[in-house]
Amino acid sequence: VTARRVAILIWITVIAASALFVARLQIDTDMAAFLPRSASPAQRVLVDQFRDGVVSRLVLVAIEGVPTDKSAAISKRLAGQLRGNPDFVAVENGEDSGFERDRDFLWSNRYLLSDRIESTLFTRAGLRGVLEHDLAELGSASGFLLKQTLAADPTGEMLHLIDQQQGGGAGPARHDGVWVSPDGDRTLMLLRLRAAGSDIDGAQQSLAAIRSAFAHADPGTARLVMTGPPVFAVAARDRIRSDATRLSALASLLVAGALLAVYRSPRVLALAFVPVVSGGLVGIATVGLAFRTIHGITLGFGATLIGEAVDYAVYLFTQTAPDSPVERTLERIWPTLRLGVLTSICGFSAMLLSSFEGFAQLGLFTITGLAVAVCVTRWVLPGLIPARFAGVRQSQTMLRIATLATGGRHLRAGVVVLAVAAAASLAAGKSNIWADDLNSLSPVSPAEQHLDQSLRRDVQAPDAAYLIVVRQTDQETALEAAERLNAALVPLIRQGAIAGLDTPTRYLPSLAAQRARQAALPAPAVLQVELDAALEGLPFQPGLFAPFVAAIGGARSGPPVSRADLDGTSLSLRLDSLLVPREDGWVAMISLRGVTAPEVVGQAIASEPSAVLVNLKVESDRLLGVYLQEGISLAGLGAAAIVLLLAANLRSLPRLIAVTASLAAAVVVTLAVLHLGGQLSIFNLFGVLLVVAIGSNYCLFFDRQRDDPGGMPRVLASLLLANLCTVAGFGVLALSHTPVLHDLGMPVAIGTFLSLIFATIIMSPVRIFRSANAAKP
Amino acid sequence: MKLSGQTVLVGLLAALPVHAAQTAPVTLDQIMTALRTVKHVEARYIEHRYLHALRSPIETRGTLRFDAPAHLEKTSDPAANGVAERLTIDGDRLTIDRGTAASPIVLTLHEHPEIGVLVESIRATLSGDGDALRRSFDVTPSGTISEWQLVLQPRTQQGLLRWMRVSGYAERITAIDTQDGEGDRSEMSIVELPR
């Protein structure tokens with residue numbers, strides 16, 4: 001009795017401490033937790049881009065549902081409000097207001113920014129060529145473009161810079177100066193949030209600010225549509241949160257309903273949840289201690305713990321006969337329970353080894369949760385059960401079910417045929433049975449992805465498919481490396497290997513390059529002499545180019561361009577996306593457009609040892625490949641550990657074969673059923689691991705019952721009830737729209753049910769039952 | 001008598017419409033009506049540009065081609081370096097194509113209101129769209145139908161076009177002169193090719 005009190009005391013202390021800790025725990029919904037910790041440099045770029053890259057902060061806004069004139073006016077009012085809000089780093093809707101600063105910056109720094117500046121350009125021969133070209137240009141249809149800048153910029157550096165910025169494209173179509181989709185149905189806006197991609201609270205606040213500004217922009221019947229990574233992140237978090245709470249509540253309700261129907265006692269029902277709640281609390285607290293935060297998806301997985309941990313109490317209650325104390329039942333079932341939990345822990349410990357933090361969290365949560373649940377069942381629950389607990393009577397229904405199960409052995413051949421057919425259908429499938437598209441894991445629905453793609457196309461936002469990444473110790477060396485790479489890459493544009501590129505040095509050249517350009521500029525007096533000689537015989541008015549001579553003089557002796565000069569321009573946005581400080585130095589990125597020959601690009605950058613060519617699409621798919629491979633090998637490892645554990649405990653080949661055959665048949669058929677609905681995801685794989693963990697418990701109970709045939713109806717009833725709870729708990733998850741929850745729920749609901757059926761058929765409770773019947777009068 | 005006098009006048013006008021129109025001061029509608037009869041035309045042009053930046057004008061020659069209602073091409077003869085330039089106005093879109101590797105310059109009316117004015121003045125005139133002209137310009141016709149002039153002054157956006165003077169007779173255009181916001185002028189004389 002004192003031991004029991006001590007157990008209860010320990011339990012209360014642990015639970016109270018866990019509850020206190022959990023109440024303060026930060027919930028994390030960053031999907032990057034489901035990316036590997038040990039990533040290649042290319043994958044780190046990918047993960048960084050996910051977390052806080054500029055792309056992760058872009059929100060695309062469309063206003064639709066009203067005539068273009070009206071939506072353009074709304075767009076201007078909305079942009080005007082948002083430009084005053086410090087939460088938005090950039091607000092672009094095509095209006096010139098945002099670009100005046102860009103033009104000012106480019107114009108005043110044209111001789112330091114242009115990559116065409118060389119001393120030969122300013123000799124009389126160089127200038128002569130330039131002036132003859134200008135003369136021809138003035139006579140052409142596009143002469144009006146040059147006319148305004150001719151006197152101060154005869155070499156056309158400004159036009160060259162603008163040409164480079166636009167990358168050859170003309171940008172989105174416009175209406176009344178505002179970006180519109182090509183069909184004119186919606187106006188477009190591009191916003192960059194101050195909040196990083198991983199700051200979902202910040203993103204949520206910014207999105208609320210957009211909605212409120214829209215409501216104040218006199219929208220009438222216009223609709224506001226938003227897309228982009230911050231929008232997805234907020235929606236995913238909301239969805240995961242609501243799914244986790246809603247589905248956990250629904251699962252609890254279903255399980256409670258089933259238990260209440262069987263036990264007809266609210267008190268017993270409440271007791272059945274004690275191990276579950278204890279396991280869940282301590283599980284969350286342990287993950288929090290180990291990882292500092294807990295991921296929303298791990299929390300969502302809490303619903304699944306209800307499915308398995310409630311089994312322990314169910315076994316205890318249902319297998320206790322009215323006239324015997326629970327202690328006796330516990331003594332009887334404890335070896336089986338212990339082995340069952342150890343089996344589950346074996347299966348899940350493979351997840352602990354995962355290099356994906358999300359899976360490691362799931363593993364730790366489940367292992368701790370189950371261990372605590374079973375300990376509470378063993379040592380705490382008996383002390384809480386009232387002395388007059390009547391147990392469960394062996395009812396007619398139990399007998400009837402047991403009788404029904406006697407027919408099972410005739411179906412053995414059927415199970416074999418079914419398993420072979422399922423294995424064959426999996427093997428015969430032409431396509432890969434595992435989905436290798438990262439999108440299949442995304443919590444973003446296909447409809448949202450489609451909207452995002454169409455808006456991205458409309459606004460011609462960069463898709464950053466190819467990046468060249470170079471890592472250096474400081475900003476200057478990173479910029480210099482980017483300049484060397486740029487020089488190696490520009491010839492490829494003419495060769496057609498790439499269509500174009502964007503480099504940070506367009507916005508901020510290295511100091512070395514700027515100094516070299518300044519050195520190439522002649523002194524005003526020298527320039528005047530060369531210019532006068534070049535003008536010989538050309539019809540330009542005398543003195544026309546005085547502003548040009550003055551500008552060269554200013555650029556020659558002025559300060560170099562620094563990062564601060566870009567503040568307030570939209571060019572700073574581009575620079576920040578291409579030049580990024582990291583904890584171990586600076587990363588410069590060159591984004592490539594229209595890459596047709598990646599191998600040529602690879603050769604061109606080979607001279608720069610620290611440069612890596614990254615194809616983001618290939619890289620993210622490769623990431624999933626790593627993910628899948630790791631998942632499959634971890635699952636294999638878990639399965640092998642389970643078989644070893646069973647072999648060590650059962651110490652009999654026929655018994656081992658019977659147990660593993662039931663499980664294997666259930667797994668194969670489950671996979672085949674899931675495959676009917678399309679490719680399998682990584683989450684399905686871990687679901688199958690759960691099937692093995694839970695299903696093995698059923699098999700072990702059947703196995704142990706060889707020694708006590710008379711108790712079979714009661715054991716079968718407890719297994720049925722336990723499975724009902726599991727199917728309810730996981731079946732509910734299958735309703736979720738979040739792929740991770742849905743894909744875990746389906747296999748477990750199907751697989752554990754099949755495990756029970758197949759174990760019933762293969763492990764022949766029939767014979768045992770008959771002998772028990774024969775023993776009765 | 002009053003009644004018969006009117007009848008006589010109406011009869012006279014009906015009998016001799018062309019003669020009457022040729023002597024009376026021309027109206028915008030008359031010019032537009034005449035121009036609307038032209039569905040397709042090709043012509044040679046000589047253009048002189050007088051720019052502040054230059055002591056002497058730049059001369060270019062080439063071919064014009066118009067297809068009603070809104071397609072205009074201006075193709076310059078190849079210059080000394082062999083480069084010919086084609087400017088196309090299609091609806092509200094202006095394209096300048098040098099035929100070189102560089103991608104053509106494409107500008108639209110909505111995007112650049114200043115260019116929109118330039119494009120609209122030419123398009124509306126050639127297609128005989130008097131309403132469109134009145135919307136955007138102060139229009140002053142002068143002369144007779146056998147030798148008319150049309151001066152267009154944009155109500156807003158005078159940067160690229162301060163005024164345009166189109167000269168012609170009947171349904172034919174013989175000259176287009178323009179001046180921009182900086183006072184630079186262009187004179188273009190046009191000789192229609194046999195249809």
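**Exercise 1. Helix 26 and helix 27 of chain A**

Task: At what angle do helix 26 of chain A and helix 27 of chain A pack, and which residues meet?

Solution. 
- Step 1. Locate the helices in this predicted model. Helix 26 of chain A covers residues 653–676, and helix 27 of chain A covers residues 682–704.
- Step 2. Take the geometry. The angle is about 145°, and the axes are 9 Å apart. Helix 26 of chain A passes helix 27 of chain A in a right-handed crossing.
- Step 3. List the contact. Helix 26 of chain A brings A:Arg655, A:Val659, A:Ser662, A:Leu663, A:Val667, A:Leu671 and A:Leu674. Helix 27 of chain A meets them with A:Asn684, A:Val688, A:Val691, A:Val692, A:Gly695, A:Ser696, A:Cys699 and A:Asp703.
- Step 4. Sort by class. The contact of helix 26 of chain A with helix 27 of chain A has 9 nonpolar, 4 polar and 2 charged residues.

**Exercise 2. Helix 1 and helix 11 of chain A**

Task: Why do helix 1 of chain A and helix 11 of chain A count as oblique to each other?

Solution. 
- Step 1. Read the angle. Helix 1 (residues 2–23) of chain A packs against helix 11 (residues 266–291) of chain A at about 55°, with the axes 9 Å apart.
- Step 2. Apply the cut-offs. Angles under 35 degrees are roughly parallel, and 65 to 115 roughly perpendicular. The angle is about 55°, so the two helices are oblique to each other.
- Step 3. Name the residues. Helix 1 of chain A contributes several, among them A:Trp11, A:Ile15 and A:Phe21. Those from helix 11 of chain A include A:Val274, A:Leu281 and A:Gly288.
- Step 4. Sort by class. The contact divides into 12 nonpolar, 3 polar and no charged residues.

**Exercise 3. The interface of chain A and chain B**

Task: How many salt bridges cross the interface of chain A and chain B, and which partners does A:Lys147 have?

Solution. 
- Step 1. Size the interface. It takes 25 residues from chain A and 23 residues from chain B. The buried area is about 2,000 Å², and carbon and sulfur atoms give 54% of this.
- Step 2. Find the main contributors. In chain A, A:Ala141, A:Phe144 and A:Lys147 lose the most area to chain B, together 27% of what that side buries.
- Step 3. Count the bridges. There are 3 salt bridges across this interface. Over all chains the count is 30.
- Step 4. Follow A:Lys147. Its closest N–O distance is 2.6 Å to B:Asp184 and 3.2 Å to B:Glu182.

How values were computed. Residues numbered from 1 in each chain as written. Chains lettered and ligands numbered in written order. Predicted model: local features only at pLDDT ≥ 70, side-chain atom pairs only at ≥ 80, totals over all residues. Heavy atoms only, no water. Axes fitted to C-alpha atoms, helices over the stretch in contact; angles between N-to-C directions. Helix = DSSP H or I, 4+ residues; strand = E, 2+ residues; numbered from the N terminus. Parallel < 35°, antiparallel > 145°, perpendicular 65-115°, else oblique. Contact = heavy atoms within 4.5 Å. Nonpolar A, V, L, I, M, F, W, Y, C, P; charged D, E, K, R; others polar. Buried area = accessible area lost by both parts, 1.4 Å probe. Salt bridge = Lys/Arg side-chain N within 4 Å of Asp/Glu carboxyl O. Left-handed = near helix turned anticlockwise from the far one by under 90°.
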